[in-house]
Amino acid sequence: MDEPLLHVSNLSKSYGSRIGCEDVSFELWPGEVLAVVGESGSGKTTLLNVVSTRLEPTAGSVSYRMRDGGWRDINRMSEAERRFLMRTDWGFVHQNPAEGLRMSVSAGANVGERLMAIGDRHYGNIRASAIDWLGRVEIAGDRIDDQPRAFSGGMRQRLQIARNLVTRPRLIFMDEPTGGLDVSVQARLLDLLRGLVADMGLAAIVVTHDLAVARLLSHRMMVMKDGRVIEHGLTDRVLDDPRAPYTQLLVSSILQV
Amino acid sequence: MKSHPLAASGLAKSFTMHLRGGILLPVVENASFTLKAGECAVLAGPSGVGKSSILKMLYGNYAVDAGSIRIAHQGDIVDLADATPRQILAVRRDTLGYVSQFLRVVPRVAALDVVAEPLTARGASIGEAREKAAGLLARLNLPERLWHLPPATFSGGEQQRVNIARGFITDHPVLLLDEPTASLDAANRAVVIDMIGEKKRRGAAMLGIFHDTDVRDSIADRLIDVTAFAPRQAA
C-alpha cells in the first residue's frame, strides 16, 4: 500500500484581492508528519483551513484516499460526507482547546461524542474507550465526569487530542498545538504527540511558528512567506542547510539556550 | 560485480549566505570515495576542512550541489544526492545510521527509550528493544539509575554514551560516526573501539571522524584525505 494519503495541487485562496495562500502543491503519505512554518500572516493557517475543508479554495484541488482505497476530491463531496470524514478519518486540533472541545459537557462525553457520531451506542463501551483514551493522554480516570472548564490549559489540550484520536483517524490537522502553553507543559504535550503519531502511524499536518516543535515532530517541512511556499524538504535539511534567504533569516533568529 | 555499500562521486557543496550579502562559501569540491563492507574508513584532515560537512551531506542534512551518493538500500541503489525526503527517511531507518557528536534530546523520554527507538521504528517489540538497549548501556558503563531518566540533565560523556548506544543498536549496513569518542574516558573509549570492531566483523561499512589518534589508529582501516576535496580558494 505504497500510495499517498493526500494530494494537494495548485491550491490557492484569496480574500478579495488579498492573497491567503497561492499555488501550493504537495503530497502527504501515511505516517508522515509535515510541518508548515512561517510568521503570522504567511498563509500557513489559511492553507491548513483550505486543505481541511474549513475554507473553500479559490483554485486548485485536494484529493484524499478514502478507507476503501478510492480517491475523492474533497471539495466535490456533499456537506454530509465531508462532516462524516471530519468526525471519523480526520482530526483537527485547534490552538485554543475551547474551539475544539465542548466546554459544558464532561471530559468523558467530549471523548465519547465522536464514537457516538459513528454509530456506537453502547454506553459501557463508550465510557471504557473514554477512560482508556484519557489514560493515554495522561488524564486520570477519576476526572472523566469533570467539565473541561475545570481543567488546566495543558489538560484541555490533551483532552482535545484524545477527542480527536478516539476514532483512530488516519490524518490529523494541528494548528499551533503547543501555542499558548508553558514551556514545561509544551514539552509534555510534544512528547505525547510524538509517541501517539508514531504508535498509530498517523499522518499529520502541523502548523507552527516554532522551529523547535517542527524539528521534534515533523519529517518534512514547508516554509511559507506571503502565501507562497518558498522552501520545502526534509526537516533536518531545511533547518541545517536553509537555502532561501527568508529561511536563513528564520533559522538564524532562533534563540539558543 | 557487487556494488559498494556506499559510493560518493564528485560531491560538491557550498553555502550561499544570504544574510551576508549573498557571499558564496565553498566547503567541499569533487569529493569521491567508496566504502567497503566490513571496513572503517576515517576522514582525515585539519579542522574546518569539511569532514563534518561530508558526513552531513551523506546523511541528508546538507543538500548537495553536484555529484552523487549511491547507497545500496534493500537490493536497490538509491542516489541520496537527489532522493526525496521519503526515500532519505527510509534509507535512514533501514540502511544508514549516524552517531552524532551531540544528542538531540527529546523532552521527557527516558535514556533507555531514546536508545530503543531505532529498533522499535524498524518494527521490534518494545520489550525486545529495551532489553537490547539495556545491554548496550550496561556495556558502556552508564549507571543503571540513569536509564529511566531523560538525558537532558546528563553530563556530556553520559549523553554521548546514550547517543552511541542509539547508533549501534540496529544492524544498519552503513554507519556514520561523527567523533563518537570525543567526551569519553579511556575505559569507555576502549568499549567503543571494541564495538566498532564487532560491527566490522558483522560486515558493516563505517565512515568516521576521530580526532583522538589512539582511537583512530585502533579502528581505521584506511584514511580518506579530505584536504584533497577542499575547494580552491575563491578570489
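Which helix gives the most to the lining of the second largest pocket? The answer is H2(A), with five residues. Before the details, a word on the model. This is a predicted model, in which local features need pLDDT of at least 70, side-chain atom pairs count only at pLDDT 80 or more, and totals for chains, interfaces and linings use all residues. Residues are numbered from 1 along each chain as its sequence is written, chains are lettered from A and ligands numbered from 1 in the order in which they are written, and side-chain values use heavy atoms, with hydrogens and water left out.

Start with that pocket. A pocket is an open set of points on a 1 Å grid over the protein atoms alone, where a 1.4 Å probe fits and protein lies on both sides within 12 Å along at least five of seven lines. Lining residues have an atom within 4 Å of a point. The second largest pocket has a volume of about 440 Å³. That volume is the space filled by probe spheres set on the points, which are joined across faces, edges and corners. Its lining has 19 residues, and A:Arg83, A:Met86, A:Arg87, A:Arg114 and A:Arg163 lie nearest the centre. Helix H2 (79-88), strand S6 (90-93), helix H3 (97-100), helix H4 (107-117) and helix H6 (153-165) of chain A each supply at least two lining residues. Helices (H or I, at least four residues) and strands (E, at least two) are DSSP runs, numbered from the N terminus. The lining holds four nonpolar, six polar and nine charged residues. Here Ala, Val, Leu, Ile, Met, Phe, Trp, Tyr, Cys and Pro count as nonpolar, Asp, Glu, Lys and Arg as charged, and the others, Gly among them, as polar.

Now look at the loops of chain A. A:Ser40 sits between strand S3 (33-37) and helix H1 (44-51). Its relative accessible area is 73%, so A:Ser40 is exposed. Exposed means over 50%, buried under 20%, and partly exposed in between (1.4 Å probe, protein chains only). A:Ser40 and A:Asp226 are 186 residues apart in sequence, yet their C-alpha atoms are 9.7 Å apart in space. A:Asp226 lies in the loop between strand S9 (220-225) and strand S10 (228-234). At 52% relative accessibility, A:Asp226 counts as exposed. Its phi is positive, near 50 degrees, though A:Asp226 is not a glycine. A:Glu176 also has a positive phi, about 45 degrees, without being a glycine. A:Glu176 lies in the loop between strand S7 (171-175) and helix H7 (183-200). Is A:Glu176 buried or exposed? It is buried, because its relative accessibility is 9%.

Turn to chain B. Strand S3 (residues 40-44) has five of its five residues buried. B:Cys40, B:Val42 and B:Ala44 point one way, and B:Ala41 and B:Leu43 the other. In a regular strand the side chains alternate between the two faces of the sheet. S3(B) pairs in the parallel sense with strand S8 (residues 205-209) over three bridges. Two strands pair if DSSP finds at least two bridges between them. B:Cys40 stands opposite B:Met206 in S8(B). S3(B) also pairs in the parallel sense with strand S9 (residues 222-225), over four bridges. There, B:Ala44 stands opposite B:Asp225.

Helix H6 (residues 186-201) of chain B comes last. Its 16 residues should span 22 Å at 1.5 Å a residue, and the end C-alpha atoms are 23 Å apart, which agrees. The expected span is 1.5 Å times one less than the number of residues. Buried residues of H6(B) include B:Val191, B:Val192 and B:Met195. The buried residues of H6(B) pack against several elements of chain B, among them S3 and S8. Contact means heavy atoms within 4.5 Å. After the helix comes B:Gly203, with a positive phi near 95 degrees.
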